[in-house]
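Below are some notes on the model you sent.

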Amino acid sequence: MMRENSNLYNLHEMQYAAIGPINLLANAGKMLNRSPFSPFAYTGFGRHMAAASEVLERVTHRYGKPDFGILHTKVNDKKIDITEEILAKKPFCRLLHFKKHGAKQQPKLLIVAPMSGHHATLLRGTVEALLPFLDVYITDWVDAREVPVFHGNFNLEDYIGYTIEFTQMLGPDVHLLAVCQPSVPVLIAASVMNETKDKAAPRSMTLIGGPIDTRINPTKVNQLAREKPLEWFESNVITRVPFNYPAFMRRVYPGFLQLSGFMQLNLDRHIDAHKDLYKHLVQGDGESASAHRKFYDEYLSVCDLPAEFYLDCIEQVFQKHLLPKGEFVYEGKKVKPEAITKTGLLTLEGELDDISGVGQTEAAQTLCKNLPKDMRRHYLQKGVGHYGIFNGRKFREHVVPIIVDFVGKMEK
């Protein structure tokens with residue numbers, strides 16, 4: 001019988017309890033050396049102490065879930081107010097809508113956010129860039145440590161079911177966009193809805209940097225998932241939620257472990273970023289320091305994944321490659337991407353992606369072999385990595401116009 005690492009989460013909580021006083025002292029040092037009433041605030045020594053205190057305070061801080069905080073957008077150079085509304089609330093997910101006030105009707109786009117250790121707010125930049133052109137909705141997945149065990153388990157099939165349900169709720173004229181991990185369940189959902197001739201089948205789906213077929217150009221992340229047996233993941237990274245959370249005793253893959261893994265991939269870059277923060281604070285470069293805070297406030301805010309969902313993804317997506325092999329089963333029936341004839345397909349990849357290698361997302365084009373050529377497109381963005389394909393300047397300037405244009409064509 002496979003067993004999870006039952007002490008892992010408790011050790012993590014003990015660590016945070018131990019560094020709590022250090023965090024408080026660092027915060028006090030920061031405030032003292034910046035106070036206008038403190039003589040140290042006007043000296044080089046004080047600036048260095050304040051900068052060092054802030055860096056220490058930030059690396060020992062516990063980051064909660066951020067807000068989207070999107071209050072306005074511009075449509076045709078006109079400022080439009082935004083209200084964030086909850087359209088549906090399920091145990092493991094909320095369906096959010098960024099409602100525009102006074103704007104003309106636009107194509108509906110459901111962004112299916114990844115359930116991958118970060119909150120859906122990681123896609124804030126994606127949402128903001130698309131809001132001027134589209135009526136945007138997003139899946140806001142609930143931190144698994146907040147879902148009591150009486151709600152039952154949540155696996156990959158449940159994720160697909162949620163995607164189909166939300167698509168039906170918004171259909172029949174909705175477009176889907178998946179970033180990274182949900183590319184697989186979105187493609188499956190579209191396959192199922194096309195095969196069953198569901199009237200709410202999406203008009204198009206945009207898959208961005210997703211692991212459709214990780215046998216192609218495998219990355220370090222793919223290699224780790226393939227080299228270790230499933231039992232290794234269950235015994236080393238699966239743990240139970242401690243008593244101080246609503247989901248006490250739920251089996252989860254903790255967000256702090258996922259974050260640790262991602263940071264180790266580019267550890268030097270993260271260390272240099274915090275060194276740069278120290279320099280910016282000493283030099284009084286408030287704009288650069290603010291940009292650092294904004295990014296890491298989001299990046300360091302993590303959530304837990306249901307163990308069943310995580311292990312399903314490892315086994316079915318990264319180890320057995322069931323979807324590209326034509327062996328994925330949903331609700332007892334094999335999934336047939338070749339059944340997709342009514343849903344347009346746009347695949348987007350980043351040239352420097354070290355999470356989903358080049359070609360892994362494009363593989364969807366081969367699977368959807370019966371889709372007419374005028375209903376499909378693939379695009380490779382030069383000079384960007386995994387996050388640059390759905391966020392940042394090149395995303396806004398080059399990728400967003402492609403998405404908007406493709407959605408527009410599928411509306412006709």
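1. Surface. The chain exposes about 19,200 Å², and carbon and sulfur atoms supply 55% of that area. Please keep in mind throughout that this is a predicted model.

2. Burial and contacts. The chain has 412 residues, of which 53% are buried. Where contacts join residues at least 6 apart in sequence, 77% of them are between residues at least 24 apart.

3. Secondary structure. The chain contains 13 helices and 14 strands. Nine strands form an open sheet with mixed pairing, in the order β1-β2-β3-β5-β4-β6-β7-β13-β14. Its edges are β1 (72–75) and β14 (376–381), each of which pairs on one side only. On average, and with direction ignored, neighbouring strands of this sheet are turned by 25° against each other.

4. The β3/β5 pair. In what sense do β3 and β5 pair? Strand β3, residues 93–100, and strand β5, residues 135–141, are antiparallel and share five bridges. Within β5, Tyr-137 is the residue that His-97 stands opposite.

5. A helix across the sheet.

6. Asp-143. This residue belongs to the loop between β5 and α4, the latter spanning 156–170. Is Asp-143 buried or exposed? Its relative accessibility is 8%, and because the limit for buried is under 20%, Asp-143 counts as buried. Leaving aside residues up to four places away in sequence, Asp-143 touches His-119, Val-302, Cys-303 and Asp-304.

7. Cavities. Rolling a probe the size of a water molecule over the atoms shows where empty space is left. How many cavities of 30 Å³ or more are there? The count is two. The largest cavity holds about 40 Å³ of space.

8. Lining of the largest cavity. The residues that line it are Pro-114, Met-115, His-118, Trp-141, Val-142, Ala-144, Cys-303 and Asp-304.

Notes. Residues are numbered from 1 along each chain as its sequence is written. This is a predicted model: local features need pLDDT of at least 70, side-chain atom pairs count only at pLDDT 80 or more; totals for chains, interfaces and linings use all residues. Side-chain values use heavy atoms; hydrogens and water are left out. Two strands pair if DSSP finds at least two bridges between them. Helices (H or I, at least four residues) and strands (E, at least two) are DSSP runs, numbered from the N terminus. Axes are lines fitted to C-alpha atoms, for helices over the stretch in contact, and angles run from 0 to 180 degrees between N-to-C directions. Buried means under 20% relative accessible area, exposed over 50%, partly exposed in between (1.4 Å probe, protein chains only). Contact means heavy atoms within 4.5 Å. Accessible areas come from the Shrake-Rupley method with a 1.4 Å probe; for residues, only the protein chains shown count as cover. On a 1 Å grid over the protein atoms alone, a cavity is a set of points where a 1.4 Å probe fits but cannot get out, and a pocket is an open set with protein on both sides within 12 Å along at least five of seven lines; lining residues have an atom within 4 Å of a point. Grid points are joined across faces, edges and corners, and a volume is the space filled by probe spheres set on the points.
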